[in-house]
Amino acid sequence: MSKVSKQEEIKKRKDGLEVWDDMLRYAEVGYDAITDDDFYLMRWYGVYQQLPKAGHFMMRIKIPGGVYTSEQLRAISKITRERARGIADVTTRQTFQWHWLTVEDFPAIIEELKAVGISPIGACGDITRNVVSCPVAGINPEEIIDTRPVTEAIHDYFLGNSEYSNLPRKYKIGVSGCPEQCIQPEIHCLSLVGVIDPKTGEAGYGLRIGGGLSTQPHFGQWTDTFFSADQALEATIAVTKLFRDHGFRERRTHSRLKFLVADWGSQKVR
């Protein structure tokens, strides 16, 4: 068996979704009790150590498509004022994150978020990240398809799903339905892109996979497929299984889906 990365060894010992009980315990006994493995696994609940790693944390949440209710925004505002020095960052994946949190803050924050239907599960870690979509989905008169049902279905299916909580690396999904393709589908691991089937005239989705930026940018490749809205979740699950079961785990810098797609080519992936 080929050697795997240090992070893969940590995940063999404990799944990231299993760290929550330990986080509750650390909230009682304090920062100094946190193990190195659990510092890493806390990312599955949206939590990173904040540099210079002296007791403070960053925490990120997930909201599919960046669609917030007024009640949710009030809860986010309250946490920001009371626990994050009055500052919340808006992320590139249509969500929020805070800094200057302590481990003692997490139980209360999670309960306040849960009360308004927000979860941080999968906001970081080797798991499905926040699903992004067109910010005017459902109200753009020129859109090809309203992406909100599919965006929500993908979010709901993967949220806290232990079958897909140990992917080779972070996994980013976008769902685009507008003619402008404003979510930049070229740069996500998987993008469902609104298209019209030329044979039937039905509105549905084409599929691009293997996009990503960082130090080795790749554009997602078209797979020459068409999926109806009812098939979109199933297609997403299939690609995710492929990544989970065949993605590279030896080197962290070579573990994103884009490297598997580049190695296999779009026809083999298809």
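## Second largest pocket

By class, the residues lining the second largest pocket comprise four nonpolar, two polar and six charged, where Ala, Val, Leu, Ile, Met, Phe, Trp, Tyr, Cys and Pro count as nonpolar, Asp, Glu, Lys and Arg as charged, and the others, Gly among them, as polar. This is a predicted model, in which local features need pLDDT of at least 70 and side-chain atom pairs count only at pLDDT 80 or more, while totals for chains, interfaces and linings use all residues. Residues are numbered from 1 along each chain as its sequence is written, and side-chain values use heavy atoms, with hydrogens and water left out.

The largest share of this lining, four residues, comes from α3, and α1 (6-13), α3 and β1 (47-49) each supply at least two residues; helices (H or I, at least four residues) and strands (E, at least two) are DSSP runs numbered from the N terminus. Among the lining residues are Asp36, Asp37, Phe39, Tyr40 and Arg252.

## Aspartate 22

Aspartate 22 lies in helix α2 (residues 20-29), and it counts as buried because its relative accessibility is 15%, buried meaning under 20% relative accessible area with a 1.4 Å probe and protein chains only. Not counting residues up to four places away in sequence, aspartate 22 touches Lys14 and Asp38, contact being heavy atoms within 4.5 Å.

## Phenylalanine 106

Leaving aside neighbours within four places in sequence, phenylalanine 106 is in contact with Trp20, Met23, Met42, Val47, Phe57, Met59 and Leu101.

Technical notes: Buried < 20%, exposed > 50% of the residue type's maximum accessible area, 1.4 Å probe, protein only. 1 Å grid on protein atoms, 1.4 Å probe; cavity = no way out; pocket = protein on both sides within 12 Å on 5 of 7 lines; lining within 4 Å.
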